[in-house]
Amino acid sequence: MPALTEVQTNAVRELLRVAPVAVELGERFASAGCSLHLVGGSVRDAMLGRLGDDLDFATDAPPERVQGLLEGWAEATWDTGIAFGTVGAQRKGFRLEITTYRAEAYDRASRHPVVSYGDSLSDDLARRDFAVNAMAVSLPEWRAPDAFVDPYGGMDDLAASVLRTPGRPEDSFGDDPLRMLRAARFASQLGFTVAPEVVAAMTAMADRLEIISVERIADELSKLLLGRFPRAGLELLVDTGLAAHVLPELPALRLEIDEHHQHKDVYDHTLQVLERAMALEDGEPDLVLRMAALLHDIGKPRTRRKEPGGGVSFHHHEVVGASMARRRLKALRFPKDVVNAVTLLTELHLRFHGYGSGSVWTDSAVRRYVTDAGDQLPRLHKLVRSDCTTRNRRRAAALASAYDDLEARIAELAEKEELGRIRPDLNGEQIMELLGVPPGPLVGKAYKHLLALRMEHGPLPRERAEAELRAWAREQGIDPV
Ligand code: ATP
Ligand code: MG
C-alpha cells in the first residue's frame, strides 16, 4: 500500500480528533434517517492540518428538525443563523454549525441571496465558492470507501495550492460578487494562487462589488489583512482592480513613481512596511498595526509637490493621511477603537524623524511623544522601525540605532517620572484651594496650564508649581488667596 500523502495524514489526524463529536452526531442523524456531512472550510482545513474547534456540517434535514435532533445532546444551541438554514451547537469544546442543503436562487441586483433549501449534497456543493471549499466527508462512516465527496477536484487543487471555482467563475461571481474578495482573502490566509481564469473574471467583474454591503466587505478585508500572506491578497486586489472599490487609497500609491525614480515607489514601500511590521508582532496577528502600516503613507499622493530644485516633497502627508485613514475606516464601519488607533499611528509615524539627524530631542519632546501615543506607543515603536525600508545599510543601521536611543530615553524618563501617568504638579482640589474658586471651567483651564508646564519641564517643586499657578491666575485677572 502506498504511504499516505501529507494531505491524507493531516486529514486522518484531524478527523480522528473531531470524530468523538462528529461521529456521535452523524449516528443521531442517521438513526433519524437524515444525512450529515462535514463540509466546506472544515474539510479543507482538516487536509491542511489547520482545523480548529469550529466544525461546519451540511444536512438534508430542515432547521427545525436539526434543532430536534440536537436536543438532549448539545450542551447549548443557538439560532442566530436560522433564517439562512444554520443551527449552531456546542459540545465537548467544539462549536458546530449545521446548515440545511442550500439551493438558493440569486437576485442579482440585491445584496442578499434568497434562501431556499435543496435536497441534494451535490447541489449544495455546486453553489460553494471554491473547489477546495466544496468537499465533504460523510458521517458517521467517515472511513467508508465512498465517504469522501469531491466533485470538483478540490483535493487536487489543494495539493497544487490553487483556487478555482466549481463552475464558470463569471457565473459564480455574478451570483455573489463577494466571492471575488474571498479569493483574495484565501490567497492571504492559505498562501494559494488564484487560477488565471478566476483572476480574469475578477478583473472583468470588479465593479459588481458595488452591490455588496460594507460589513461583508470589511469582514473579508480584515481576514485578508490578518492572514499569513497579506501581500499576496493585497496585490491581487490591486492588480484586478478590486482594491479601487474597497480601498482606493492603496492603488493610488502606485502613481507615486516619479520620472527620475528619485523617490521609491510608495506602493511597494507600503507593502514592505507591512511585512516588516508583521515580523515585529508578538505572536498574534495585529489588525491595528497591519492597518496602520498599510495606510501610513496614504496622504502622499495628495501632498506631493515638485520642489524648485527638482526634488519631490510630501509636506504634512501624515496629517492628511490620518484624516484620510479615519474617513476610510469609518466608511468601512470598523470599530471606533480601531479607527482611532490607526488614525493616531498614521499621524505620529513621522514624528521620530529629526531625532536621528543630529538634533537630539529635549525631555519635553520625549514626554510629548509618549503622552501623544498613549496606549499605542508599543505599536508606534513597531511602525516607525518598520517604516525604514532603505537599501542603504549604513542609513538603516543609523536609523535603527537612533530609535534604540529614543526608546532608551523613554525608559529612562519613565523610570524617573512614571511617564505613563503624567499629572500636573497640583491636583484639582489644590488648585481650587489656592485660587479660592469653586469647581468649574476655570479649574479645568488651570489644570491644563499646569499639565503643559509639567510636560515642558518635568516635575516641579511644590513652591514653584504654586508660584506658576498664581502668576497664571493673575494673567487671567484672578486674585489668588
Ligand atoms: P473561515 O471560517 O476560516 O473564515 P471558511 O471557508 O469556513 O473560512 P466561511 O465563511 O466560514 O469560510 O464559510 C464556510 C463555507 O461556506 C465555505 O468553506 C464555503 O464552502 C461556503 N461559503 C461561505 N461563503 C460563501 C459564499 N459567499 N459563496 C459560496 N460559498 C460560500
Ligand atoms: Mg468557517
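## A pocket and what sits in it

On a 1 Å grid over the protein atoms alone, a pocket is an open set of points where a 1.4 Å probe fits, with protein on both sides within 12 Å along at least five of seven lines. A molecule sits in a pocket if more than half of its atoms lie within 2 Å of the pocket's grid points. By that rule, ligand 1 sits in the largest pocket here.

## How to read this model

This is a predicted model, where local features need pLDDT of at least 70, side-chain atom pairs count only at pLDDT 80 or more, and totals for chains, interfaces and linings use all residues. Residues are numbered from 1 along each chain as its sequence is written, chains are lettered from A and ligands numbered from 1 in the order in which they are written, and side-chain values use heavy atoms, with hydrogens and water left out.

## Four domains

An automatic or database assignment sets the domain bounds. The protein is split into domain 1 (6–160), domain 2 (166–246), domain 3 (248–421) and domain 4 (423–475). Between the C-alpha centres of domain 1 and domain 4 there are 66 Å.

## Who surrounds the ligand?

Let's meet the neighbours, meaning residues with a heavy atom within 4 Å of the ligand. Ligand 1 has 15 of them, and the closest are Gly41, Arg44, Asp176, Arg179 and Arg185. Domain 1 and domain 2 each contribute at least three residues to this shell. Helices here are DSSP runs (H or I, at least four residues) and strands are runs of E (at least two), numbered from the N terminus. Helices H2 (41–47), H7 (178–190) and H9 (214–226) each supply at least two shell residues, and H7 gives the most, with four.

What classes make up the shell? Eleven of its residues are charged, three polar and one nonpolar; charged means Asp, Glu, Lys and Arg, and Gly counts as polar.

## Polar contacts

A polar contact is a pair of N or O atoms within 3.5 Å. Oxygen atoms of ligand 1 lie 2.9 Å from a polar backbone atom of Gly41 and 3.0 Å from one of Asn133. Lys223 places a polar side-chain atom 3.5 Å from a ligand oxygen. Alone, ligand 1 exposes 580 Å², and the protein buries 73% of that (Shrake-Rupley areas, 1.4 Å probe).

## Two backbone details

Most residues other than glycine have a negative phi, and most peptide bonds are trans. The bond from Leu139 to Pro140 is cis, with omega near 5°; Pro140 is in the loop between strands S6 (136–139) and S7 (148–149).

His316 has a positive phi, near 60°. His316 is in the loop between strand S11 (312–313) and helix H16 (317–331).

Note on methods:
A polar contact is a pair of N or O atoms within 3.5 Å; within protein, one must be able to donate a hydrogen and the other to accept it, and residues adjacent in sequence count only if both atoms are side-chain atoms. On a 1 Å grid over the protein atoms alone, a cavity is a set of points where a 1.4 Å probe fits but cannot get out, and a pocket is an open set with protein on both sides within 12 Å along at least five of seven lines; lining residues have an atom within 4 Å of a point.
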